Amino acid sequence: MVDSNYILRFLSENLMKVSKPARYIGGEYNSVVKDLANKDYLRIAFSFPDVYEVGMSHYGLEILYWLANNLDFVYAERVFLPWVDMVEMMEKNDIPLFTLESKTPVYKLDVLGISLEYELSYTNVLKLLELSRIPLRARERNDNHPIVIAGGPVTYNCEPIAEAFDVIYLGDGEVNLEKMLRVIYETKGMNREERLKLLSKIEGIYIPLFYEQEGRKIIPKYDFAPSKIRRNILKDLNSVKPPVKKILPHVESVHDRGVIEISRGCTRGCRFCHAGYVYRPVRERDADQIVESVKELISNTGYDEISLLSLSSLDHSQIEKIVDKLMEELKDKKISISIPSTRMDAFNIKIAERISQVRKTGLTFAPEAGSQKMRDAINKQITYEDIISTAKEAKEAGWRRIKLYFMVGFPNETDEDIKDIGELIKEIKKLGFSDITASVNLLIPKPHTAFQFAQLRSPEYMDKVRKILGPYRKYGKIDINDGKKSFIEGILSRGDRKLFSVIEKAYKLGYYDEWGEHFSFDRWMNLLEEIDYHQYIGPYGLEDFPWDHLDSGVSKEFLWKEYQKFFDGVQTKDCRNICSLCGVCIDYKVKNVVLGGRTI
């Protein structure tokens, strides 16, 4: 019989035979251990379907872990996908996937929650279910199997992987997580389908079993299933305190620092940006709560670097107050502050200099396009002068390293537009930066963005990009993506239920597709040849999409108008200053949005 003692014995005998054995031992500082002998808990495993050090960097999983464990009827644990050497060892010894905290086999739990952050994790999801001894398809599960739930940004078109999930949770976890878990807890022992019916009544809950595909459209099979599932929106970020007891990983995580989310959402309206649309509207955390949370986080973890998390941190209406207060607290303790990639028009050299007093790191900016024509068309809302003047100020303030992100593959893009990426890098080099790195990636037209209607370019397009930008490599390191992973991700992101069989075949041949050494473009293309994959390439008009029933809050009509504005080169103003009528604030009755620098 497989129990925690059996698994502990397996670990003691085999840990030193695999790479990074600390990934599997648990017991990290700040992890939660509850007394299973004294209470009948709802047992949950929250999973990130990737290796430990990637999953431990995921802030959303951290939020859910603490929210759930603060409920007196829940015990939430963590589980990640083991690396391939450990998977082989587990399969050889007939060991099921187990939780880190209590070493309980996942199949013995009540709930398995899986975060969907990128489409190339789909094969990992199926491998995780197989290792957990849970049937891959929801329809094949019985009353004794855990209820498998998905959350995260990819759920806004989950249809290619929908068959694997009993429940899809759409939107901010803080809103209805407790209600969902309480229903699952109070219906233990009931028929599985009846439990799912009760869950379907909760806002933001989608039960794929209750729907079917007709053409490319997903429609309800039953009268009780809503035709549209409305996303959960947390209306006040201050109402939920951020996690301040981050679990300290045994293996250095990808982003090994303390993190405090300072705002959620973005108002800029970049037409390619999935997060910018599906996390609308902007909701800010108050400066005083941020500062107190940072102080608690440092006390609980000992981190010497704190990241202020947001889609655009320097757009926070109180950012100067936040930085000034934090520097007063942290400077003498030699604790640095980092701010994620920011916009070149929002960059405030005064703030950057304040932050860099402890540790001067490189700067990261995303101009996205080389030509002004293309920046206007994608609604980036920064000018050539903004970029050059900001880079010049940064150089004069002492920065030597700068990293730039660009995107290619937009509709109507010309060779000159691509060449202008190189010209921009050349001009920044003239300012005297010793280290310039530029990343050039292929556009992935995502659902719920203005480019959901656009054509996905083939990987061969990047050969042309490489040729055009080749002469500019002398001005900096230009990393040009080969477009192969982007192409597969693009197909999966706009796919429908017909792709599940392809994903199932793919995972049996290999997984960890996000990792370069495990990704095989030829393998994927051979499988996609078995279906008409060209239907997922586009371009599209105002037709039925397989994600139309999943309501992000931004209307399809608004996105179509934004797509037409792209071709006209017309910009849409930042909705902090004027409402763009995308639909989310009106239809969802969100009142505490940031407008004109004020929260209303």
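The structure is a predicted model, in which local features need pLDDT of at least 70 and side-chain atom pairs count only at pLDDT 80 or more, while totals for chains, interfaces and linings use all residues. Residues are numbered from 1 along each chain as its sequence is written, and side-chain values use heavy atoms, with hydrogens and water left out.

Start with the sheet. Strands here are DSSP runs (E, at least two residues), numbered from the N terminus, and two of them pair if DSSP finds at least two bridges between them. Four strands make up an open sheet, running 15-16-17-18 with parallel pairing. The edges belong to strand 15 (363-368) and strand 18 (477-480); each has a single partner strand, so one side of each has no neighbour in the sheet. On average, neighbouring strands in this sheet are turned by 20° against each other, direction ignored, taking axes as lines fitted to C-alpha atoms. Strand 17 (residues 435-442) pairs with strand 18 in the parallel sense, over four bridges. Ser 439 has Asp 479, in strand 18, as its bridge partner.

Now for the cysteines. With a disulfide taken as a pair of cysteine sulfur atoms within 2.5 Å, the count comes to zero. For Cys 273, the closest cysteine sulfur belongs to Cys 270 and lies 6.2 Å away, which is too far for a bond. Cys 582 is in no disulfide either, as the nearest cysteine sulfur, in Cys 585, is 6.0 Å away. As for accessibility, buried means under 20% relative accessible area, exposed over 50%, and partly exposed in between (1.4 Å probe, protein chains only). Cys 273 is partly exposed at 25%, whereas Cys 582 is buried at 7%.

How values were computed
Axes are lines fitted to C-alpha atoms, for helices over the stretch in contact, and angles run from 0 to 180 degrees between N-to-C directions.
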